[in-house]
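Reader: I have a structure to go through and some quick questions. Can we take them one by one?
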Amino acid sequence: MNIPPHIKPNYKQLQIKFYKAENLPDMDSIGEKRTNKECQAFIVCEFVGKKLSTSIIEMKSNIVVWNELMNIPFTYPTTSEKIIIKIYDNDLMKNDIIGSLEINVNDIMNNEFNNPRFINIYGAPETCSGKFTNLMNENGEAGSCWKGRILVSADVSETTEPIVG
């Protein structure tokens with residue numbers, strides 16, 4: 001999207017706080033019956049060409065607690081309104097994507113995320129494989145299986161000194 005020259009961009013600061021996730025699947029034991037689910041979860045947040053990650057946290061009692069804040073500066077109007085959030089299980093060989101979701105930055109600017117709220121995570125069914133599995137895991141709108149939920153709040157403010165991280 002090209003911004004017309006007569007429109008002056010405003011500098012904004014996006015702050016997203018990731019509190020916790022609940023009921024994430026055990027990606028290491030698909031098809032097995034375990035009494036204690038295992039997951040070493042982390043979040044990757046992508047917006048306007050920036051990609052940030054949370055710490056890797058071990059799930060305990062079906063809950064992962066991050067309490068981490070991400071800062072992403074951007075200009076408004078922006079070329080993209082979608083904030084893409086992907087949840088992964090950390091593994092030695094290759095990280096497994098659990099699922100994903102999208103948040104529209106305009107919803108944050110309209111104060112819909114000022115208070116913490118749960119957002120559902122969707123992806124492919126655990127027994128699914130093939131070319132559509134990644135599509136379903138990486139695009140929450142295409143996912144057909146509930147994979148848990150995350151508690152998040154977010155805010156956008158004006159800025160003259162952007163912060164990344």
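Reader: Where is Thr78 found?
Author: Thr78 is in the loop between strand S5 (63–76) and strand S6 (82–89). Helices (H or I, at least four residues) and strands (E, at least two) are DSSP runs, numbered from the N terminus. This is a predicted model: local features need pLDDT of at least 70, side-chain atom pairs count only at pLDDT 80 or more, and totals for chains, interfaces and linings use all residues. Residues are numbered from 1 along each chain as its sequence is written, and side-chain values use heavy atoms, with hydrogens and water left out.

Reader: Is Thr78 buried or exposed?
Author: Thr78 counts as buried, at 7% relative accessibility. Buried means under 20% relative accessible area, exposed over 50%, and partly exposed in between (1.4 Å probe, protein chains only).

Reader: What lies 3.3 Å from a polar atom of its side chain?
Author: The backbone oxygen of Ser80 lies 3.3 Å from a polar atom of the Thr78 side chain.

Reader: New topic. How many aromatic pairs are there?
Author: The count comes to two aromatic pairs. Phe42 and Tyr88 are stacked, because their ring centres are 5.2 Å apart and their planes are at 15°. The rule: rings of Phe, Tyr and Trp (its six-membered ring) pair if their centres lie within 6.5 Å; planes under 30 degrees apart count as stacked, over 60 as edge-to-face and the rest as tilted.

Reader: Which strands do Phe42 and Tyr88 lie in?
Author: Phe42 lies in strand S2 (residues 40–47) and Tyr88 in strand S6, so the pair ties together parts that are 46 residues apart in sequence. Phe42 is buried, with a relative accessible area of 8%. Tyr88 is buried too, with 17%.

Reader: And what kind of pair do Phe47 and Phe74 form?
Author: Phe47 and Phe74 are edge-to-face, 5.2 Å centre to centre, with 75° between the planes. Phe47 is in strand S2 and Phe74 in strand S5, 27 residues apart, and this pair links distant parts of the chain. Phe47 is buried at 2% relative accessibility. Phe74 is buried, with a relative accessible area of 5%.

Reader: Which residue lies over the face of Phe118?
Author: Arg149 does, at 3.5 Å from the ring centre. Arg117 lies over the face of Phe113, at 4.3 Å from the ring centre. A charge sits over a ring if NZ of Lys or CZ of Arg is within 6 Å of the ring centre and within 35 degrees of the ring normal.

Reader: On to helix H2. Which of its residues are buried?
Author: In H2 (residues 131–138), the buried residues are Thr133, Met136 and Asn137. Seen down the axis of H2, they fall within an arc of 95°, so they line one face of the helix. The arc is that of the directions from the helix axis to the C-beta atoms. Lys131 and Phe132 are exposed on the other side of H2.

Reader: What covers the buried residues of H2?
Author: The cover includes strand S7 (96–104), strand S8 (117–123) and strand S9 (145–158). Contact means heavy atoms within 4.5 Å.

Reader: Last topic. How many salt bridges are there in the whole structure?
Author: A search finds six salt bridges. A salt bridge is a side-chain nitrogen of Lys or Arg within 4 Å of a carboxyl oxygen of Asp or Glu. One of them joins the side chains of Lys12 and Glu158 (2.4 Å, N to O). Lys12 is in strand S1 (residues 10–22) and Glu158 in strand S9, 146 residues apart.

Reader: Are Lys12 and Glu158 buried or exposed?
Author: Lys12 is buried, with a relative accessible area of 9%. Glu158 counts as exposed, at 56% relative accessibility.

Reader: Which residues are linked in a network of salt bridges?
Author: Lys20, Glu22 and Arg149 are. In the bridge of Lys20 with Glu22, the closest N and O atoms are 3.2 Å apart.

Methods: A polar contact is a pair of N or O atoms within 3.5 Å; within protein, one must be able to donate a hydrogen and the other to accept it, and residues adjacent in sequence count only if both atoms are side-chain atoms.
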